[in-house]
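These are my notebook entries on one structure. I set down what I looked up, topic by topic.

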Amino acid sequence: MQPKVMMKKKNISASKASLILFLCQIVSALDVPLDSKLLEELLQPPTITQQSPKDYIVDPRENIVIQCEAKGKPPPSFSWTRNGTHFDIDKDALVTMKPNSGTLVINIMNGGKAEAYEGVYQCTARNERGAAISNNIVIRPSRSPLWTKEKLEPNQVREGDSLVLHCRPPVGLPPPIIFWMDNAFQRLPQSERVSQGLNGDLYFSNVQPEDTREDYICYARFNHTQTIQQKQPISVKVFSTKPVTERQPVLLTPTGSTSTKVELRGNVLLLECIAAGLPTPVIRWIKEGGELPANRTFFENFKKTLKIIDVSEADSGNYKCIARNTLGSAHHVISVTVKAAPYWITAPRNLVLSPGEDGMLICRANGNPKPDISWLANGVPIAIAPEDPSRKVDGDTIIFSHVQERSSAVYQCNASNEYGYLLANAFVNVLAEPPRILTPANKLYQVIADSPALLDCAYFGSPKPEIEWFKGVKGSILRGNEYVFHDNGTLEIPVAQKDSTGTYTCVARNELGKIQNEVQLEVKDPTMIIKQPEYKVIQRYGQVSFECIIKHDSTLLPTVIWLKDNDELPDDERFLVGKDNLTIMNVTDKDDGTYTCIVNTTLDSVSASAVLTVVAAPPTPAIIYARPNPPFDLELTGQLERSVELSWVPGDENNSPITNFVIEFEDGLHEPGVWHYQTEVPGTQTTVQLKLSPYVSYSFRVIAVNEIGRSQPSEPSEQYLTKSANPDENPSNVQGIGSEPDNLVITWESLRGFQSNGPGLQYKVSWRQKDVDDEWTSVIVANVSKYIVSGTPTFVPYEIKVQALNDLGYAPEPLEVIGHSGEDLPMVAPGNVQVHVINSTLAKVHWDPVPLKTVRGHLQGYKVYYWKVQSLSRRSRRHVEKKILTFRGNKTFGMLPGLEPYSSYKLNVRVVNGKGEGPASPDKVFKTPEGVPSSPSFLKITNPTLDSLTLEWGSPTHPNGVLTSYILKFQPINNTHELGPLVEIRIPANESSLILKNLNYSTRYKFYFNAQTSVGSGSQITEEAVTIMDEVQPLYPRIRNVTTAAAETYANISWEYEGPDHVNFYVEYGVAGTMASRQVDIATQGWFIGLMCAVALLILILLIVCFIRRNKGGKYPVKEKEDAHADPEIQPMKEDDGTFGEYSDAEDHKPLKKGSRTPSDRTVKKEDSDDSLVDYGEGVNGQFNEDGSFIGQYSGKKEKEPAEGNESSEAPSPVNAMNSFV
């Protein structure tokens, strides 16, 4: 049959020669990379991805699910027709369509009747780029009618006559399976004499007295509804007559001498012949004028049924069955004709073209009779579809030339004959896309020198872009034999060298644009073992060391692993692994073996091995221990079919007693040159009785073993060929696992050559469906290890056995194993999916398990697909990245960890078997509550002043809710990094900056900043910043008009001052004759000003504070306190620096006493020295401090002392440093 929307083939009158010429010029269609992001962005016509079978028999007791799934961009919409007319599902309350799907669910379990929904259904998936259609899906409910009432008369039959017991089961949908049983539900025994025909009748070739019984019952099993119905018991009574008359064969079925049979290609051909006669006839089958096909022919029902699988047109012909007994024969010829429903030769494939390009869709099918080809466009016969000037139909081909974007559509090819139809959708998608490079930017490739390097440049564009490679940012284009350019954009450097390292640029361009991408290549030196471990012989309880010195690329991190006999080192503290060696302390016999050093990096791996031999400590240095010499003079005696005696003469044991002999054998018939272990005997024994296998050409050799090691093998013995015999064993590891839904793959481990026991090794493979009471089906295959049974039901258990045989006979009866035919994808999605949100990052999902019969395979578990739809705080969608969690077994719940707070999620659940995943449940939406936010994205501190800082910040990358506020905490840090008191400020959530005032000048602060939601505070971000020391531009001081007035015990000094505030004044004085030209008015001297500028410049360049101490003699008492404070800004300068120092009395070096204080009248009285200072207060208020130092204060203001413990950790400014010298 074929869909309603079909049309007759339309021929295009065009020259075949010109058509061929045109096809040669067609540009190949674009390949779209399977990049998920790219596929989501490209427009694409609909494609049907899943649909129900054409002939869909449903269970009338369950809901009807008619599948129709499709994909496309934009997502397609769905509609249905029923019996050729639009099916409005909104008008039927029992019919619903799954969301984001075209699958129909007809709710029969809520009062509907399946018979009301019989019909032909067809699904259409449509978007702006075209429309795809499904097959015609014929919905029919299964039927299991009751047996009609009938009166059955007892059958009285004479012994030796034939008998047919008719079953005549009710006509069901699908047809029932027939079998005969008795009242005790025991299957009636069948044989060559009594057997069941294909029509369900029970045939007796001849009856015997033991056939008398009253409970011949025919049963009909309707698998779809899982019901069994029983016919009324039939009574058979056999009466005897003496003598029993023998009869020649007569065919009971089929009747007559000839009949015909029509079968379809690919199906199973079943031919049956059942004959009456006494003795019981034997059936034989031949094909007239040919041979029965090998490997596809099977005989069933005691050879009364000929079965040929996967028939083809070559199997047509006349098949003759011959029934023969001692009195004669009968035959029947069945003329078989093999027809064929349409099958694909070339199915149309999707086309992706660029505007202006050419292409074609080809639809070629075959069948018997040859099918008609018709085309549809977007589900409409192409003859009445909208015209497209770029399209031309020529029979089974549609030719496209100079396509435009409006040429995009979905085309359907229908191939049909009287036995069926094929329908295929293929779209033409015209895209105009600038180039895109899908390889990540700046991707790093690392390879080992002298090995190939493959640099990817995955791309897409329409028209297809041209790819060029450059080395370096402005390098020239790469060409030549040293590079290989692949069609997918990959650049291959077959032999990468160190100078191949660098940046490579891939450029993709078409007429719509150009794009480039850079990747990095690093070529590393290979890893080498420059000193390998060496063979060592060590005495017991000694110490041994293996070296493994390596050389590797400096940028690769190697790991060294030591193995013993290809396994991990023993967990023993005696094994010491160093950087370049392995040391074994206190060596014992167990340490004997092979030690391997393996060096791995991320790019390569190398290894080296050495053998350690442990020997006994010699009693005297003169004794030399060695491995024994090989045995010699091997002799075979007492040859029997299954045994032989081997004797030999031991070689020299070389001062270490022989502990045992190892006997090996070679099978020169099956595996010449390969030696196998046979047995071993103590070192005191020189003869051994060996068990042999049949059909083996044996040669033996002997190896002596002592504590030092194994000897060389002896010379081989003479050959001995044992006689053939039946196989002693059957293949092992027999398994039955289907690879497709309709097959059973039987595998086994073949017998080895010497296990065959004789020539002509073959295998008898037998199977039958479990719990169905079928007969065994057998086939004999060659010496292989696999056989495929086709045409099986989906995922049903089978009993399997494989028996070995050779030319002499069979092996013992094999054990039966249970296998399963192939799995198919699950049919049903889990239902009743529920989500319970536990907290902001964790949810629990529940679902109802699917019925096991819908799993159609081994239930492996359930997969939960979940993805974030959007953040509730930002309301912005992003690229959907689906996550998958798998829950093994028949589990019905699971936890979803790692969710993002305050977000909307979707999930669905799918059941998984060995074939794959079933359909997804409807998407379930759930939301997570608020959580604490992440840290603010940044915190910047700018615009520092004496007492303020400006803070700017960015909102958290992940708010995880609605921000309520920001929390700022800060505290000062002193020079010893001790923290001061902590201050906390709450800031509204809509703020992004803050000016923090009333801070200490020249002070470092540490800030802690975090955001808050209603749930709590998030993680914090920290920063540090410093307030500045001074904002005033330097003013150079000036002192003038210095006058003095001396008295007997003191002197008055006065001056005029111009300059900045907060300066110190220093007055130098001395005894006449000891100090030359000491003047106070030095600030007006040019050399002094130049010297001060030079010092300030020096401090600015070197950032060094000059700490200068006064000499002990002649210092003011205030010097002691200044030394204690050690303020670098007010230290005086020393004489040896070439700067002004303090005057010292050359005669007695007496300092001013601490008792010298400034009196209330601003004078200094003489006590122990004639030198004194007089306070003169005109214009500038100059006075002595309490400690005796003379401080000039301008406008009566006192210099502010720095707060202790709060000094800036920065170097003092050169301006302040200069002021301290004035």
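I began with a definition: a residue is buried under 20% relative accessible area, exposed over 50% and partly exposed in between, for a 1.4 Å probe and protein chains only. The model is predicted, so I noted that local features need pLDDT of at least 70, that side-chain atom pairs count only at pLDDT 80 or more, and that totals for chains, interfaces and linings use all residues. Residues are numbered from 1 along each chain as its sequence is written, and side-chain values use heavy atoms, with hydrogens and water left out.

**Entry: aromatic pairs**

I looked up the ring pairs and found 22 aromatic pairs in the structure. Rings of Phe, Tyr and Trp (its six-membered ring) pair if their centres lie within 6.5 Å; planes under 30 degrees apart count as stacked, over 60 as edge-to-face and the rest as tilted.

I took F204 and Y216 as one case: the ring centres are 5.9 Å apart and the planes stand at 80 degrees, so this pair is edge-to-face. F204 belongs to strand 16 (residues 202-204) and Y216 to strand 17 (residues 213-222), so the pair ties together parts that are 12 residues apart in sequence. Helices (H or I, at least four residues) and strands (E, at least two) are DSSP runs, numbered from the N terminus. F204 is buried at 1% relative accessibility, and Y216 is buried at 5%.

I then turned to F970 and F1007, which form a tilted pair, with 5.7 Å from centre to centre and 35 degrees between the planes. F970 lies in strand 81 (residues 963-973) and F1007 in strand 84 (residues 1004-1013), so parts that are 37 residues apart in sequence are tied together. Are F970 and F1007 buried or exposed? I found that F970 and F1007 are both buried. I also noted a cluster in which ring pairs link F179, F185 and Y219.

**Entry: salt bridges**

I counted a salt bridge where a side-chain nitrogen of Lys or Arg lies within 4 Å of a carboxyl oxygen of Asp or Glu. How many salt bridges does the structure hold? The structure holds 41 of them.

R265 and E313 meet through their side chains at 3.7 Å, N to O. R265 sits in the loop between strand 21 (258-264) and strand 22 (269-272), and E313 in the loop between strand 26 (305-308) and strand 27 (317-325), so the pair ties together parts 48 residues apart in sequence. R265 is partly exposed, at 37% relative accessible area, and E313 is partly exposed at 31%.

E468 bridges to R509, with the closest N and O atoms 2.7 Å apart. Because E468 is in strand 42 (residues 466-471) and R509 in strand 45 (residues 502-510), the pair ties together parts 41 residues apart in sequence. E468 is partly exposed, at 24% relative accessible area.

K531 and E547 form a further salt bridge, at 2.8 Å from N to O. K531 lies in strand 47 (residues 528-531) and E547 in strand 49 (residues 544-547), so this pair ties together parts 16 residues apart in sequence. I also recorded one network, in which salt bridges that share partners join R158, D161 and R247.

I looked up an open sheet of three strands, whose order is 57-58-61 and whose pairing is antiparallel. Strand 57 (632-637) and strand 61 (687-691) stand at the edges with a single partner strand each, so one side of each has no neighbour in the sheet. Two strands pair if DSSP finds at least two bridges between them. Strand 58 (residues 643-649) and strand 61 are joined by five bridges in the antiparallel sense, and E645 stands opposite Q689 in strand 61.

**Entry: nonpolar cores**

A nonpolar core is a set of buried Ala, Val, Leu, Ile, Met, Phe, Trp, Tyr and Cys residues joined through side-chain atoms within 4.5 Å. The largest core has 30 residues, of which I64, I66, W80, I106, Y121 and I139 touch the most other members. Strand 9 gives this core its largest share, three residues. I64 has contacts (heavy atoms within 4.5 Å) that include V58, L104 and I139, not counting residues up to four places away in sequence. Another core, of 22 residues, lies apart from the largest one and has C363, L422, A426 and V430 among its members.
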